[in-house]
Every structure is written in structure tokens, then in C-alpha cells.
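These are my notes on the model, as numbered points. Please read them with the coordinates open.

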Amino acid sequence: MLKITSADSLDATVADVVRHKIRLTEATARMDAEVAVLQKSHQAVLTGLQEKIAAGESAVADYCTAHRAALFADKKSRETLAAVFGFELTPPRVETASRKIKWADVVIRLLRLAWGKAYVRHPEPKPDKEALLADREKLSAEQQTAAGISFVQDEQFFIRPKPETAAASSCAAD
């Protein structure tokens with residue numbers, strides 16, 4: 001630990017710290033430039049892989065959607081040696097009950113309801129979506145309508161490589 005014993009040593013230490021900060025900034029800038037060059041050199045390969053993945057996933061999703069009854073009679077997913085794929089629900093989210101209702105309207109409605117104040121954040125009044133989501137099972141359809149909200153989940157298609165497939169693939173690449 002440096003010991004500062006006078007105004008002169010204080011000034012010298014400050015100057016030393018400033019020099020180190022300047023060197024750190026310069027070194028960080030050099031590193032960032034090298035990272036940018038490295039990212040640019042890999043961008044074409046990454047973009048090509050992303051395009052191939054998107055095309056393949058789209059084709060698989062289209063086929064699975066068209067043949068859903070036959071492929072997913074018992075479960076919403078299938079398993080192969082390489083992956084698990086199928087349909088799943090997204091996490092629930094809170095939305096306004098219609099496009100005409102704005103979040104400010106929801107806040108006003110909640111503040112008017114005896115039970116609704118617990119679902120408004122302050123100081124800037126806004127809906128507490130986390131609290132609403134946590135209580136979504138407790139809120140009746142009538143309460144949701146009165147507040148002008150609904151709980152929504154979408155279905156999405158997924159393809160997840162099995163961990164052993166990813167491990168074998170990365171070993172083969174080495």
C-alpha cells in the first residue's frame with residue numbers, strides 16, 4: 001500500500017494513477033480493436049450457420065405442424081438420437097385485454113378496485129406485472145376483465161440438441 005506523506009507525494013501519486021488510467025484506456029481500446037477484427041473475420045461463417053439453422057428449423061417446424069396429429073399423438077415433443085424437438089408453451093405474460101386498453105387505463109382500473117391497489121407500483125403508478133403473474137391462478141376471469149388484463153401464453157416450436165450430441169460434435173471439431 002502506498003503511503004502518502006506530503007502534498008508533493010500526493011501530487012505524484014495522483015499523476016501516477018492518471019498515467020495508469022490512460023494506459024488502461026489505451027490497452028482496452030487496442031483489445032477492443034482486436035476483438036472487432038476477430039469478430040469480423042468470423043462473421044461470414046456465423047451468418048451462414050445462422051441462415052442454415054433458420055432454414056432447417058423452418059422446414060422441420062412446417063413439417064411438424066402439417067403432420068402434428070401423427071407425429072405428436074401422445075406428447076408435444078419427440079426425441080431422436082441428436083435432439084428433442086416439438087411444441088411448448090412460452091412463459092405466461094400479462095397483456096391488456098384488448099388493443100384499445102392502454103396500460104395507463106389498467107392502472108386507473110386497478111386503483112378503483114378494492115383488491116387492485118396491491119398490483120400497482122409507486123411512485124410512478126404502473127402495473128406490477130410480476131405480482132399479477134404470481135397471482136394469476138388466484139385472479140378470476142371477472143377480476144381480469146375488471147382490471148382490463150389477460151394472461152397469455154403462446155406455443156412455440158423448438159429443437160434442442162441433446163448434451164451428448166453437442167459434446168460429441170465439439171470433440172469431433174477439435
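1. Asp128 is found in the loop between strand 5 and helix 4 (129–134). Helices here are DSSP runs of H or I with at least four residues, strands are runs of E with at least two, and both are numbered from the N terminus. Asp128 is buried, at a relative accessible area of 15%; buried means under 20%, exposed over 50% and partly exposed in between, with a 1.4 Å probe and protein chains only. Apart from neighbours within four places in sequence, Asp128 is in contact with Tyr119, Val120 and Arg121, contact being heavy atoms within 4.5 Å.

2. On provenance: this is a predicted model, in which local features need pLDDT of at least 70 and side-chain atom pairs count only at pLDDT 80 or more, while totals for chains, interfaces and linings use all residues. Residues are numbered from 1 along each chain as its sequence is written, and side-chain values use heavy atoms, with hydrogens and water left out.

3. The peptide bond between His122 and Pro123 is cis, with omega about 15°. Pro123 belongs to the loop between strand 4 and strand 5. For background, most peptide bonds are trans.

4. Which residues of helix 3 are buried? In helix 3 (residues 103–112) they are Val106, Val107 and Leu110. They lie on the same side of helix 3 because they cover an arc of only 100° around the axis, the arc being that of the directions from the helix axis to the C-beta atoms. An α-helix has 3.6 residues a turn, so residues three or four places apart point the same way. Ala104 and Arg112, on the other side of helix 3, are exposed. The packing partners of the buried residues are strand 3 (93–96), strand 4 (120–121), strand 5 (126–127), helix 5 (141–147) and strand 6 (149–152).

5. Strand 3 runs antiparallel to strand 6, and four bridges join them; strands pair if DSSP finds at least two bridges between them. Opposite Val94 in this pairing stands Phe151 of strand 6.

6. An open sheet is formed by three strands in the order 1-2-7, with antiparallel pairing. Its edge strands, strand 1 and strand 7 (155–161), each pair on one side only. Neighbouring strands of this sheet are turned by 15° against each other on average, direction ignored. Axes are lines fitted to C-alpha atoms, for helices over the stretch in contact, and angles run from 0 to 180 degrees between N-to-C directions.

7. Within that sheet, strand 1 and strand 2 form a hairpin with three residues between them and pair over three bridges. Arg78 stands opposite Phe85 in strand 2. Helix 1 (residues 7–66) packs on the sheet and touches strand 2 and strand 7; its direction makes about 125° with that of strand 7. Strand 2 and strand 7 are joined by seven bridges, and Gly86 stands opposite Phe158 in strand 7.

8. How many aromatic pairs are there? The count is four, where rings of Phe, Tyr and Trp (its six-membered ring) pair if their centres lie within 6.5 Å; planes under 30 degrees apart count as stacked, over 60 as edge-to-face and the rest as tilted. The pair of Phe72 and Phe87 is edge-to-face because the ring centres are 5.3 Å apart and the planes at 80°. Phe72 lies in the loop between helix 2 (68–71) and strand 1 (77–79) and Phe87 in strand 2 (residues 83–89), so the pair ties together parts that are 15 residues apart in sequence. Phe72 is buried at 9% and Phe87 is buried at 8% relative accessibility. Trp115 and Tyr119 also form an edge-to-face pair, 6.0 Å centre to centre with 70° between the planes. Trp115 is partly exposed at 26%, while Tyr119 is buried at 9%. One aromatic cluster consists of Phe72, Phe85, Phe87 and Phe157.

9. Two charges over rings deserve a check. The charged end of Lys129 sits over the ring of Trp103, 4.2 Å from its centre, and Arg160 lies over the face of Phe158, at 4.1 Å from the ring centre. The criterion is NZ of Lys or CZ of Arg within 6 Å of the ring centre and within 35 degrees of the ring normal.
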